[in-house]
Every structure is written in structure tokens, then in C-alpha cells.
Amino acid sequence: MQTKPFRIGTRGSPLALAQAHETRDRLMAAHGLRSEMFEIVVLSTMGDRITDRSLAAIGGKGLFTQELEDMLLSGGLDFAVHSSKDMPTKLPDGLFLSAYLPREDARDAFIGRTAAKLMDLPQGATIGSSSLRRQALIKRLRPDINVITFRGLVDTRLRKLAEGQVDATLLAFAGLKRLGKDDVPTEILDPEIFPPAPAQGAICIESRIDDDRVNGLLEAINDARTHEAVTCERAFLSTLDGSCRTPIAGYAVSDGDTIRFSGMILTPDGSQHFRVTTEGKASDAEQLGAKAGEDIRLEAGPDFFSSWT
């Protein structure tokens, strides 16, 4: 019988806290537990502390997870809640992604100040974004647009936009919805034209591989469809050695026994891109994603990557 509260690790941003509370509430409902049986432990990560540079410039993925993972490994946390797209494809020894909550809308949201749609922005307008994928996709569609690095919490970016520092910005629609800001976007971007980042919109839970007690608790809230889709996307990313330094998009949908995947790689200036689409058995999600990564790498050729990575 568990007598001490389960310790849930999270970053301290409003979005991270919303995700941690959603996880706690789902566990309470699944197991009939009171809120007192969960303690939300807030940690500051390097990615939270350094906001004046791009993620690529300060180390890429892992900047929002290392402190949480260190505390997990030391036993100070029972599990940690993350935005799945923040997770490196290689995790520390002894840890794994044990559960996923049902995925929110994976699309990107455009928030325009001087135009409601990306394609309606005046020539030479400025968009703020910290994502190399979004920057490359913007330049592919609108090479005339000036794209600048734009980091910070959701409210910080929206404030900078309102102050006129940029003409528009892009954010994950899932995060806006979780924060109750569904009305903020002026356009929701078509994933066929503006594909999302691998694992975008999905909340994952990280725990110790050998902790059967905690993993049994988490199993009750794992969404199988999201687990399959994100596993496929992460395998695609891993095969391409994807990080915050690489513009890579990927989106999978698991439906019944079938999983469908679409991926894209771009040069940072958006001038070149390659796509791959495939489908197969949902039970083969990881292998399908990895094969898609191998296929697109082969099609693009080694010069595509060596020219800018």
C-alpha cells in the first residue's frame, strides 16, 4: 500500500504545470486516489533559465529535461511529465517513456498582428520563432519573410507580439488549447503544407525502467494510439539524428491496426526539402518510422546533410 505521495517532476512554466496537473488528475480518476497522494515537484531547467539564445546555440534537445532526469535517477522523483517534442531521442540509461496522454491537436498556430494568415503578410514582414523547423517552413513558403529567433514562455511571446516586436509568431496549437487560449490563433496551419514537429501535441511520462510499482500505476493512463504514433515519429527523428539543429517534421496517425506516417526534411533556408509518406501495421510503428528515415536520407543523399549540419 502506497503511503507516501507519488512525486511528479515538472518544469515551472504555466504550460508544464497544466500538463502535470492533467497527468495527476487522470491518475486520480484511474485509480480512485486523492490529490494528497501526489506531490508536484517543480524544477528549473537550463532551457528555462537561458532565453536570450536559440536552443540550437546552447545545446539543442535535453535542455528542458536534464535536471528532471537527474532527479529521477537519484530517486528524488517517481516520474516526470514532459512535452514529448522536447525529448531527445536517446534517453539516459535506466529511464524510458512509459506512458503518453491522449494527443491534443498537433498543428501549428499562426498568430498575426498585421495579417491574419501567413500568406497574407506583407512582403518583408518579420516573424518570430525559435524553432528551426518553423523557420525553414516559413522560408520555404515565404522566402521574402524576415525570421528572427523568438523565445520565452507563451505569454512572453504573445506580449512581445502585442508590443510590435514582430508582425507574427507561431506556437503549438496544443499548448494554447491546454492554457485555455484557443481564441488566440488567427490561422491554424494545414499539416500537409506546414507539417508539425515529431511528437508535437503529446504529453509523455518518463520513469525508471525497473520501477514496476510506478510503471504499473502509469500503465492505466497510457493512450495506445498516441504511444504508437509518437513512437513512429521518434524513430524517424532518431534515424535522422534529429535535434534542435535540424529542420525535421513528422506526423503519424494510428487508426485501428494501421499507422500512416508523413515526414519532411528541409535545409534551414527552406530552399530544399524532401518528403516521405508510408503506412503499415500499428504494431510495427517503430520500424516504420525508422524505415521512413532511412528512405528519406537515401533520397536526399549525403550532400543534403553535410552542406549545413
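Is Thr 3 buried or exposed? I began at this end of the chain and found Thr 3 in the segment before S1. Thr 3 counts as exposed because its relative accessibility is 67%. My cut-offs, with a 1.4 Å probe and protein chains only: buried is under 20% relative accessible area, exposed is over 50%, and partly exposed is in between.

A note on what I am reading. This is a predicted model, in which local features need pLDDT of at least 70 and side-chain atom pairs count only at pLDDT 80 or more, while totals for chains, interfaces and linings use all residues. Residues are numbered from 1 along each chain as its sequence is written, and side-chain values use heavy atoms, with hydrogens and water left out. For helices (H or I, at least four residues) and strands (E, at least two) I take DSSP runs, numbered from the N terminus.

**Helix H1**

I went to Ala 20, which sits in helix H1 (residues 14-31). Ala 20 counts as buried because its relative accessibility is 0%. Leaving out residues up to four places away in sequence, I found Ala 20 touching Thr 10, Ile 40 and Val 81; contact here means heavy atoms within 4.5 Å. Ala 20 and Val 42 are 22 residues apart in sequence, and their C-alpha atoms are 9.7 Å apart in space.

**Helix H4**

Which residues of helix H4 (residues 66-74) are buried? I noted Leu 68, Glu 69 and Leu 72. Seen down the axis of H4, the buried residues fall within an arc of 95 degrees, so they line one face of the helix; the arc is that of the directions from the helix axis to the C-beta atoms. The buried residues of H4 pack against strands S1 (6-10), S3 (79-83), S4 (95-100) and S10 (203-208). After H4 comes Gly 75, with a positive phi near 90 degrees.

Asp 105 is in the loop between S4 and strand S5 (108-112). With 19% relative accessibility, Asp 105 counts as buried. I saw its side chain make a polar contact with the side chain of Arg 107 at 2.7 Å. That term means a pair of N or O atoms within 3.5 Å; within protein, one must be able to donate a hydrogen and the other to accept it, and residues adjacent in sequence count only if both atoms are side-chain atoms. Beyond four places in sequence, Asp 105 touches Phe 173, Ala 174, Lys 177 and Gly 201.

Ser 130 is in the loop between strand S6 (126-128) and helix H5 (132-141). Ser 130 is buried, at a relative accessible area of 17%.

Most residues other than glycine have a negative phi. Ala 199 lies in the loop between strand S9 (187-188) and S10, and is buried with a relative accessible area of 1%.

**Helices H9 and H10**

Where do I end? The axes of helix H9 (residues 224-239) and helix H10 (residues 285-300) come within 7 Å and cross at roughly 35 degrees. Axes are lines fitted to C-alpha atoms, for helices over the stretch in contact, and angles run from 0 to 180 degrees between N-to-C directions. Among the residues that meet are Phe 236 in H9 and Ile 296 in H10.
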